[in-house]
Amino acid sequence: MKALVTGATGFLGSHIAERLVQRGEQVRALVRPTSRTSFLEGLGVEIVRGDVTDAPSLPAALSGVDVVYHAAAMVSDWAAWDEFKSVTIGGTRNMLKAARDANVGRFLYVSTDGVYRYQDLRHGVTEETPMERHFGAFDYYRRSKTAAERIVRKYMERGDLPVTIVRPALILGERDAAMLPGVIQHLSLPGSIYLGSGRNRLPIVYAGDVAELSILAATNLPSAGQTYNAVNEEYVTQRDLFAITSEEAGVPSPKRSLPFRAAYTAALAMELSSRVRGWSHRPSLTRFSANLLGIDYVESSAKAGHELGWKPEVGYREAVRRSVEWSRRRRAQPISG
């Protein structure tokens, strides 16, 4: 089969493309004209220039494609709403329409556990748990991903396209340029802290395992119309993550904790101060990152295990090690391509 991957120059998308190539599939990547494609070209991936926000560029990318893996999105906790609306919501709408018009056999949409309500995540969520409907100011990533998933679900309900949704948790691994580097940056600060007690549970999953689930979900006939959580259910706390990151990256662990409410309030104050200066001034702590690391996450991936036989193979310690090692290799290599 021929697969098209959007977001293939990004974190998870690159892992999906890599796993597909390893399986012997023909892989095409839709990439923006300014994107660096050396990794994909090294895999033998076919490169097609275009943009999910540019609907006329999509038919050529979808020609002859059997399966679409739509991983492209605006991934940030600090950017203007118009960017999220254009890339995440508008881009998803464009891809769905183009895939339907091209009679694509299957469409895999990469969502996020951010569509769940924080209060539900604390008590445990499955794929049947309702999605969030009320978002705070500047909570644009979760708002846009939830809006995009609702568009996807309309296609599913109408039978316009055989769609499957995967909701990844907190992803770690090679080519992570945001999550773990952000943790390392935090730990490198003289005043690094645990957000709350640090004993809250985190929903970590290795990028390659999410890619494997995505492929299983997109190529299994009964999974059309289904949604799957992607999380490794090993018990990992904030303190666990900080400890192994400190060990692997050679940075100190925090010496003190800050009550979560105080950290959240500080993040809000930083956001308001930065917002006055514009979106280019990202605060050192946002409410999104505070929630990402500071609250309890209890998520079940039992459905993916029962229906698709999916079982995560890489634990959080190895995921952190691979992420740190990749970052070291990247820093040691000259910039090219």
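What we are looking at is a predicted model, in which local features need pLDDT of at least 70, side-chain atom pairs count only at pLDDT 80 or more, and totals for chains, interfaces and linings use all residues. Residues are numbered from 1 along each chain as its sequence is written, and side-chain values use heavy atoms, with hydrogens and water left out. When I name helices (H or I, at least four residues) and strands (E, at least two), I mean DSSP runs, numbered from the N terminus.

Let me start with the helices. Two packed helices are described by the angle between their axes and the distance between the axes. Here helix α7, residues 179-188, and helix α9, residues 238-249, have axes that come within 10 Å and cross at roughly 85 degrees, and that makes α7 roughly perpendicular to α9. The axes are lines fitted to C-alpha atoms, for helices over the stretch in contact, with angles running from 0 to 180 degrees between N-to-C directions; under 35 degrees counts as roughly parallel, over 145 as roughly antiparallel, 65 to 115 as roughly perpendicular, and the rest as oblique.

Which residues of α7 and α9 make the contact? From α7 they are Met179, Leu180, Val183, Ile184, His186 and Leu187, and from α9 they are Leu241, Phe242, Thr245, Ser246 and Ala249, where contact means heavy atoms within 4.5 Å. By class, this contact has eight nonpolar, three polar and no charged residues, if we take Ala, Val, Leu, Ile, Met, Phe, Trp, Tyr, Cys and Pro as nonpolar, Asp, Glu, Lys and Arg as charged, and the others, Gly among them, as polar.

Now to the salt bridges, each of which is a side-chain nitrogen of Lys or Arg within 4 Å of a carboxyl oxygen of Asp or Glu; by this rule the count comes to 18. In helix α6, residues 140-158, glutamate 149 and arginine 153 lie four residues apart, about one turn of the helix, and they form a salt bridge whose closest N and O atoms are 3.2 Å apart. Is glutamate 149 buried or exposed? Glutamate 149 counts as buried at 0% relative accessibility, while arginine 153 is partly exposed at 24%; buried means under 20% relative accessible area, exposed over 50%, and partly exposed in between, with a 1.4 Å probe and protein chains only.

Helix α13, residues 316-332, holds arginine 329 and glutamate 325, again four residues apart, with a salt bridge of 3.9 Å from N to O. Here arginine 329 is partly exposed at 38%, and glutamate 325 is partly exposed at 30%. Elsewhere, Lys2, Arg28 and Glu46 are linked in a network of salt bridges.

Turning to the backbone, asparagine 103 has a positive phi of about 55 degrees although it is not a glycine; asparagine 103 sits in the loop between α4 (81-101) and β5 (106-110) and is exposed, at 65% relative accessible area. Phenylalanine 138, in the loop between α5 (118-123) and α6, also has a positive phi, near 70 degrees.

Finally, the strands. In a regular strand the side chains alternate between the two faces of the sheet. Both faces of strand β10, residues 227-230, are covered, with Thr227 and Asn229 on one side and Tyr228 and Ala230 on the other, all buried. Strand β6, residues 163-168, pairs with β10 in the parallel sense over four bridges, pairing being called if DSSP finds at least two bridges between two strands, and valine 166 stands opposite tyrosine 228 in β10.
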